[in-house]
Amino acid sequence: MNINKIVIIGATSSIAHQTALLFAREGVSFVLAGRNQNRLDACAKDLQARGAKNVSTLIMDAANPSDGKLLFEQSLMTLGEIDLLYIAHGSLTDQARANKDTGYALEEFMVNFNSAVGYAMTFAEYFEKRQMGNIAVLSSVAGDRGRGSNYIYGAAKGGLSIFLQGLRNRLAKSGVNVLTIKPGFVDTPMTADVPKNPLFAKPEVIAKGIYSAIKNGKDVIYLPWFWRWIMLIVRMVPERIFKKMSL
Amino acid sequence: MKTYQSWGRYPKFIPHKVIRPNWRDEITLPLPAEYLCYGLGRSYGDSCLNSTGTLIDTTELSKIIRFNPETGLLCCEAGLSIAEILKEYMPHGWFVPVTPGTKFITIGGAIANDIHGKNHHRAGNFGNHVSRFELLRSTGERFICSRSENPDLFSATIGGLGLTGMITWAEFQMKKISSPIIECENIKFGTIDEFLALSAVSDARFEYSVAWVDCASSGRKLGRGIFMQGNHKSSDNPSFKWQGNQIPFPFEAPDMMLTSLTVKAFNLLYYNKQVSKIQHTDVDFDPFFYPLDKIHNWNKMYGKRGFLQYQMVIPFESGSKVLFEILRKIADAREGSFLAVLKTFGNIQAAGMMSFPRPGITLALDFGFNGERTLKLLENLDAIVRECGGAVYPAKDARMSNESFKRYFPRYEEFSKYIDPNFSSDFWKRVTTSQKI
């Protein structure tokens with residue numbers, strides 16, 4: 001189907017913006033939601049200058065996702081109809097801090113899991129009625145197996161992947177595509193403090209993969225492709241060995 | 001992973017510290033520190049390096065701020081590359097006003113080096129097309145610079161080698177073109193004088209011109225070459241397509257690959273690939289402007305040792321005699337360059353006080369780095385260039401002396417007043433530290 005009207009949640013994230021650029025060239029319209037108005041404006045102008053038809057912005061707060069309904073209504077009012085909901089916000093959890101600070105761990109869960117579920121559910125109802133549409137959500141390879149160094153983030157993303165699986169199963173009957181995106185390491189501001197290794201991919205590369213997966217109505221995609229095989233191996237390691245590894 | 005080398009991979013460089021800002025309005029430059037912007041690393045020598053300071057990697061600052069499709073005025077962040085701009089606007093018939101031989105440079109770099117291209121005789125340098133930019137100083141102040149606002153800082157920053165502060169965004173005029181295809185005419189010439197005659201006639205008829213000169217041959221063949229001139233094809237129905245695929249250079253070549261023998265063979269083949277005296281061809285903009293971009297890391301061809309590029313300009317008055325002397329010195333030293341490029345600069349006044357281009361003949365060549373031998377040869381060339389009132393291009397330099405620099409850029413003292421005290425480069429430290437040659 002043609003995608004002409006797009007809502008992006010977490011639109012100022014590097015991967016989200018790079019994906020939006022690919023759609024902008026096709027003259028689509030956007031509603032960009034994010035936390036920081038100044039950054040949203042910079043993204044909006046960029047998309048506009050690269051061929052987007054109309055771009056408007058909305059302030060959201062994933063730590064307080066009760067604004068989901070408002071966000072949906074305002075988006076629909078602005079765009080008239082919605083073809084794609086792209087959920088791309090997220091926070092890389094500081095696991096060491098989370099180990100000591102349960103409040104923080106739960107807040108991170110709110111941002112990475114609850115809020116995404118809330119937004120997806122709100123829009124799902126609309127797409128289901130409309131009998132078409134696309135929901136694409138940034139999950140992570142970190143959700144494929146719990147690791148000591150990253151399990152709060154991993155659990156939120158893992159939960160998100162399961163949620164999307166269920167949502168896909170529900171919405172398939174209504175002709176709505178649900179795409180689970182599982183990037184590996186990506187060189188973005190979110191990972192600015194993580195030491196880089198050759199497995200790190202550029203956000204432009206990830207964005208290209210997301211763009212074509214959306215266009216082709218894919219279900220689950222690992223990006224870059226080799227992560228599918230890396231994670232297959234990671235998942236196959238028996239737990240009694242896995243638990244002794246420092247990962 | 002980005003290694004922050006310069007393009008010539010000489011001198012060897014390990015960054016001390018790198019920051020990579022994402023939002024132009026949120027950049028802070030904490031002190032004490034010494035900064036220098038680094039974009040896509042296409043400067044050949046050490047003008048883009050700072051071994052003891054903090055590099056500001058500008059490539060994330062790549063947003064477009066506005067584009068006027070009626071007038072072609074483009075305002076964008078300084079880390080945006082020409083490649084990205086062409087990908088976006090070439091399909092709509094817009095081209096950059098001036099481009100160097102690679103599209104993988106940032107707009108900030110284009111301004112800081114006041115780059116030039118094959119249309120210098122018509123269009124001047126990149127800076128001639130820049131209307132405004134914002135300069136962030138280490139004090140945190142932001143200055144809008146144009147010909148009317150902060151004109152001194154404007155003129156110091158264009159060609160100012162990144163020393164006056166950080167350019168965060170810039171506005172410049174794009175050029176409407178009739179087609180991405182260049183109607184190209186290639187003419188063989190036998191001597192430098194013949195090149196000069198061709199060049200003089202060409203300037204009025206052709207928007208773009210450049211020549212390749214054989215500097216590996218000896219005797220009578222020295223100074224022969226191929227003169228290439230072209231215009232955008234006039235077409236009612238141009239098909240603008242974008243191909244940006246690159247072939248990676250597969251490995252770091254052994255140092256043996258480019259010897260005087262292979263260079264000589266290459267030059268011989270290159271000259272003889274064209275049989276007739278004059279040849280007409282239609283060439284796509286990509287191979288016309290950016291022949292080497294096709295190979296992703298062609299700089300690795302020179303192997304571990306790295307290479308030096310030498311580009312100089314000599315006044316027209318010195319003419320073919322001096323140029324021939326230079327070519328002979330190169331040929332005698334058997335350090336012949338794999339590709340030597342010859343072009344005449346026109347007399348459009350540069351916008352920057354430190355801009356390199358000035359009326360005259362410019363020659364650019366690469367030299368694989370062979371230690372003292374190479375440095376000595378280039379110092380000998382410098383002596384000739386100094387003598388005749390010419391100049392050498394800092395963006396490509398890794399070795400010019402303090403004395404040469406001051407002769408080439410007589411306004412350097414005036415320029416020094418505009419330098420941000422917390423910005424510097426290895427190049428700047430080198431050419432401003434007194435040393436006897």
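Analyst: Start with Lys103(B), which counts as buried because its relative accessibility is 3% (buried means under 20% relative accessible area, exposed over 50%, partly exposed in between, with a 1.4 Å probe and protein chains only). The model is predicted: local features need pLDDT of at least 70 and side-chain atom pairs pLDDT 80 or more, while totals for chains, interfaces and linings use all residues. Residues are numbered from 1 along each chain, chains are lettered from A and ligands numbered from 1 in written order, and side-chain values use heavy atoms, without hydrogens or water.

What does Lys103(B) form with Asp286(B)? The two form a salt bridge, and their closest N and O atoms are 3.0 Å apart (a side-chain nitrogen of Lys or Arg within 4 Å of a carboxyl oxygen of Asp or Glu). This pair links distant parts of the chain, 183 residues apart. Lys103(B) sits in the loop between strand 6 (94-95) and helix 2 (107-112) of chain B. Asp286(B) belongs to helix 7 (residues 285-289) of chain B (helices, H or I, have at least four residues and strands, E, at least two, as DSSP runs). Asp286(B) is buried too, with a relative accessible area of 9%.

Next, a pair between chains. The side chains of Arg50(A) and Glu84(B) meet in a salt bridge of 3.3 Å, N to O. This pair crosses from one chain to another. Arg50(A) is in the loop between helix 2 (37-49) and strand 3 (55-59) of chain A. Glu84(B) is in helix 1 (residues 82-89) of chain B. Arg50(A) is buried, at a relative accessible area of 4%. Glu84(B) counts as partly exposed because its value is 25%.

Chain A has a pair within itself. Glu81(A) and Arg130(A) join through their side chains in a salt bridge of 3.7 Å, N to O. They are 49 residues apart and link distant parts of the chain. Glu81(A) lies in the loop between helix 3 (68-79) and strand 4 (84-87), and Arg130(A) in helix 5 (residues 102-130). Glu81(A) counts as partly exposed at 36% relative accessibility. Arg130(A) is also partly exposed, at 22%.

Now the wider picture. Over all chains, the structure holds 37 salt bridges. Some link up: a network of salt bridges connects Asp46(B), Glu379(B), Asp382(B), Arg386(B), Asp397(B), Arg399(B) and Arg430(B).
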